[in-house]
Every structure is written in C-alpha cells, then in structure tokens.
Amino acid sequence: EHSMHDDMAKILITAGQIQERVRALGAQITADYRPLGDLLLVGVLKGCAMFMVDLARAIDMPLAMDFIATSSYGKTTESSGVVRMLKDLDTDIAGRHVVIVEDIIDSGLTLAYLRGHLLRRNPASLRICALLNKPSRRRADIPIDYLGFDIPNEFVVGYGLDFDEKYRNLPYIGVLHERIYHSTA
Ligand code: PRP
Ligand code: MN
Ligand code: MG
C-alpha cells in the first residue's frame, strides 16, 4: 500500500556504486582463479542472492555455484549469536577452490561457523567474499579476502539484505527508517 522507498531514511550505496564494485571484484577473482582452473562459489542464503548472481556474471571463467542456508534467530536488528544451518551444500568440496559469498559480515559469527564447517571437508582453498563489512560490530575474527564496502553501524537493507524478510529487492543499500523497526521489533 506504499512504495518500499518511502521506508528508507537514506541511500547509503547506490545501485551504480554496487555494480561498479561488483565488476571490480569479479575481475579480481577472475585474475586469481583462472590460473587455478577451478572455482566454486558458495552463496550464503538468503542474503547473498542478488550479490551472488551479479558477482558470478562478473567473473570470466567456467565456475560452479552452490548454496548454503543459515539463519540467526529472530527478527530483530541484532544478530543473536546463534547460527542455525538450514540447508547444507550439495557439492563435495574436497580438493575444490571455494569462495564463500556473503552479503554482510556483522558480528562475524555466521562466517566463523561456516568456515569451520567447510574447512573440515578439506577444500583445496577457502576464501571469503563479502559485499559489506561492519567492522565496529565484530565478535569473531574473520579474514575477508574480497570486500565491497566497509559501512558504519547503521541498520541497512536492500540488494539481498532484509528486515523481517522484506526489502531484499531494493536495488541499492539503504538505511531503514527507524520508525519501521521500532513498530515491529
Ligand atoms: C545475515 C546476513 C549474514 C549474517 C551476518 O543473515 O545475511 O548472513 O546475518 O551476521 P553475523 O556476521 O552477525 O553472523 P541472516 O541470518 O539474517 O539470514 P538471511 O541471509 O536469510 O537474511
Ligand atoms: Mn545471511
Ligand atoms: Mg536476515
């Protein structure tokens, strides 16, 4: 009954800025993995959705894609610290060159859990690619190999990121107006 854009306090990263950064990350990953002749992108659902498909199309080499689904509990704006595995990989990653694709690293607890989970299966290599990083909120130390943007500690949505499962379809990264999360949380 209203436009999703009306619920934003401001636009933090425009669609154009995202596309420019994604193209650069794709070129960097292409340069690093082409010589190895293997690349498996592992997207972390659901937040990775938009980034994953755009990044994959910005990489110029034959690659494979798989998905894992995790969720932290609740619909608050804070990560709970409890990570649930909702869907595991279909692929055997032993001996494969794997890049985990995430929309955002906040506390780092999701990736700390996933790194451990994937490393136990003996990939040839494992790197992390994240569109957004909120360094001020870090609780687990995560090496980020490919990063789009560092962002301040504001509640962001769009381009895959949700609040209460909504706003993932915004083409930009926006800051949600506080009246929205104050009324539902
Ligand atoms: C969000 C986001 C990351 C994670 C980051 O996912 O997409 O996966 O939280 O938080 P952390 O660094 O504090 O662990 P969420 O659990 O909300 O699931 P979703 O991707 O389906 O929205
Ligand atoms: Mn997620
Ligand atoms: Mg979420």
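Predicted model: local features only at pLDDT ≥ 70, side-chain atom pairs only at ≥ 80, totals over all residues.

Residues are numbered from 1 along each chain as its sequence is written, and chains are lettered from A and ligands numbered from 1 in the order in which they are written. The chain contains four helices and nine strands; helices (H or I, at least four residues) and strands (E, at least two) are DSSP runs numbered from the N terminus.

**Overall fold**

- Read from the N terminus, the order of elements is β-α-β-α-β-β-β-α-β-β-β-β-α.
- The chain is as compact as a globular protein of its length, because its radius of gyration of 16 Å is close to the 16 Å that the globule rule gives for 185 residues. The radius is taken over C-alpha atoms, and the rule is 2.2 Å times the number of residues to the power 0.38.
- Along the principal axes, the C-alpha atoms fill a box of roughly 50 × 35 × 30 Å.
- Of the 185 residues, 30% count as buried. A residue is buried if 20 or more other C-beta atoms lie within 10 Å of its own, exposed if 12 or fewer do, and partly exposed in between, with C-beta atoms placed from the backbone.
- Among contacts with a separation of 6 or more, 66% are made by residues 24 or more positions apart. Two residues are in contact if their C-beta atoms, placed from the backbone, lie within 7 Å.

**Confidence**

- The mean pLDDT of the chain is 94, and 95% of the residues score at least 70; pLDDT is the predictor's confidence in each residue, from 0 to 100.
- Confidence is highest in helix H1 (residues 15-33), with a mean of 99, and lowest in helix H4 (residues 178-184), with a mean of 82.
- The model has an ipTM of 0.98 and a pTM of 0.95.

- Helix H2 (residues 49-57) contributes the buried residues Met50, Phe51, Met52 and Leu55.
- The cover over these buried residues includes H1, strand E2 (40-45), strand E5 (97-105) and strand E6 (125-133).
- The largest nonpolar core has 40 residues, of which Phe51, Val99, Ile100 and Val101 touch the most other members. Such a core is a set of buried Ala, Val, Leu, Ile, Met, Phe, Trp, Tyr and Cys residues joined through C-beta atoms within 7 Å.
- At least two residues of this core come from each of H1, E2, H2, E5, helix H3 (109-119), E6, strand E8 (156-157) and strand E9 (173-176).
- Leaving aside residues up to four places away in sequence, Phe51 touches Val101, Asp103, Leu131, Tyr159 and Gly160.

**A three-stranded sheet**

- Three strands form an open, antiparallel sheet in the order E1-E9-E8; strands pair if DSSP finds at least two bridges between them.
- Strand E1 (8-13) and E8 are the edge strands, each pairing on one side only.
- Four bridges join E1 and E9 in the antiparallel sense, and Met8 has Leu176 in E9 as its bridge partner.

**Residues in helix H1**

- Thr30 belongs to helix H1 and is partly exposed, because it has 15 C-beta neighbours inside 10 Å.
- Apart from residues up to four places away in sequence, Thr30 touches Ile59, Asp60 and Met61.
- Thr30 and Ala15 lie 15 residues apart in sequence and 22 Å apart in space, C-alpha to C-alpha.
- Glu20 also lies in helix H1 and is exposed, with 12 other C-beta atoms within 10 Å.
- Glu20 and Gly174 are 154 residues apart along the chain, and their C-alpha atoms are separated by 17 Å.

**Backbone features in loops**

- The peptide bond from Leu45 to Lys46 is cis, with omega near 0°, and Lys46 is found in the loop between E2 and H2.
- Asp164, in the loop between E8 and E9, has a positive phi of about 55° although it is not a glycine. Asp164 is partly exposed, with 14 other C-beta atoms within 10 Å.
- Glu165, placed in the loop between E8 and E9, has a positive phi of about 70° and is not a glycine either. Glu165 counts as exposed, since 8 other C-beta atoms lie within 10 Å.
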